[in-house]
Amino acid sequence: MRAVKAVKAGYNFNLFPEETLSGIDLEPTGGRVCVEGVVYPLYRGTTFAESEKVDRLLDAYGEMPIRDYKVKSREQER
């Protein structure tokens, strides 16, 4: 199975195979999303320039609103 990462720009994200993300510096956001029953940590570009690369990928492959897939942390549920 190919490794994929959930990567965001702004309020949207998509799942990308890791090879599609080569050349883009990413960092974890601390958030998580659940797509088709699988929970993924959410990543973003480390700089504005890196985020623009992610944004171009979202334009090419489509995007999903984070709010529809966001996993609430245990602290938020209390």
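In this predicted model, Glu52, Asp55, Asp59 and Glu63 together form a negative surface patch. One of these residues, Glu63, is located in the loop that separates helix H1 (48-61) from strand E5 (64-65). Glu63 is partly exposed, because its relative accessibility of 42% falls between the limits of 20% and 50%.

Three salt bridges are present in the structure. They are listed below.

| Salt bridge | Closest N and O atoms |
|---|---|
| Arg44 with Glu27 | 2.9 Å |
| Lys53 with Glu50 | 3.2 Å |
| Arg67 with Asp68 | 3.9 Å |

Since Arg44 belongs to strand E4 and Glu27 to strand E3, their pair ties together parts lying 17 residues apart in sequence. Arg44 is partly exposed, at a relative accessible area of 34%, and Glu27 is also partly exposed, at 27%.

The pair of Lys53 and Glu50 lies within helix H1, where the two residues are three positions apart, about one turn of the helix. Lys53 is partly exposed, with a relative accessible area of 26%, whereas Glu50 is buried, with a relative accessibility of 9%. In the remaining pair, both Arg67 and Asp68 are exposed.

A further glutamate, Glu36, occupies the loop between strand E3 (26-35) and strand E4 (38-45). Its phi is near 50 degrees, a positive value in a residue that is not glycine. Most residues other than glycine have a negative phi. Glu36 is exposed, with a relative accessible area of 81%.

Regarding confidence, the mean pLDDT of the chain is 92, and 92% of its residues reach 70 or more. Among the elements, E5 has the highest mean pLDDT (98) and helix H2 (residues 74-77) the lowest (49). Where pLDDT is low, predicted coordinates should not be read in detail.

Conventions
Residues are numbered from 1 along each chain as its sequence is written. This is a predicted model: local features need pLDDT of at least 70, side-chain atom pairs count only at pLDDT 80 or more; totals for chains, interfaces and linings use all residues. Side-chain values use heavy atoms; hydrogens and water are left out. Patches are made of residues with over 30% relative accessible area and no salt bridge: like charges are joined within 9 Å, nonpolar side chains (Val, Leu, Ile, Met, Phe, Trp, Tyr) within 5 Å. Accessible areas come from the Shrake-Rupley method with a 1.4 Å probe; for residues, only the protein chains shown count as cover. A salt bridge is a side-chain nitrogen of Lys or Arg within 4 Å of a carboxyl oxygen of Asp or Glu. Lys and Arg count as positive and Asp and Glu as negative; His and the chain ends are not counted. The place of a charge is taken as NZ of Lys, CZ of Arg, CG of Asp or CD of Glu. Helices (H or I, at least four residues) and strands (E, at least two) are DSSP runs, numbered from the N terminus. Buried means under 20% relative accessible area, exposed over 50%, partly exposed in between (1.4 Å probe, protein chains only). pLDDT is the predictor's confidence in each residue, from 0 to 100.
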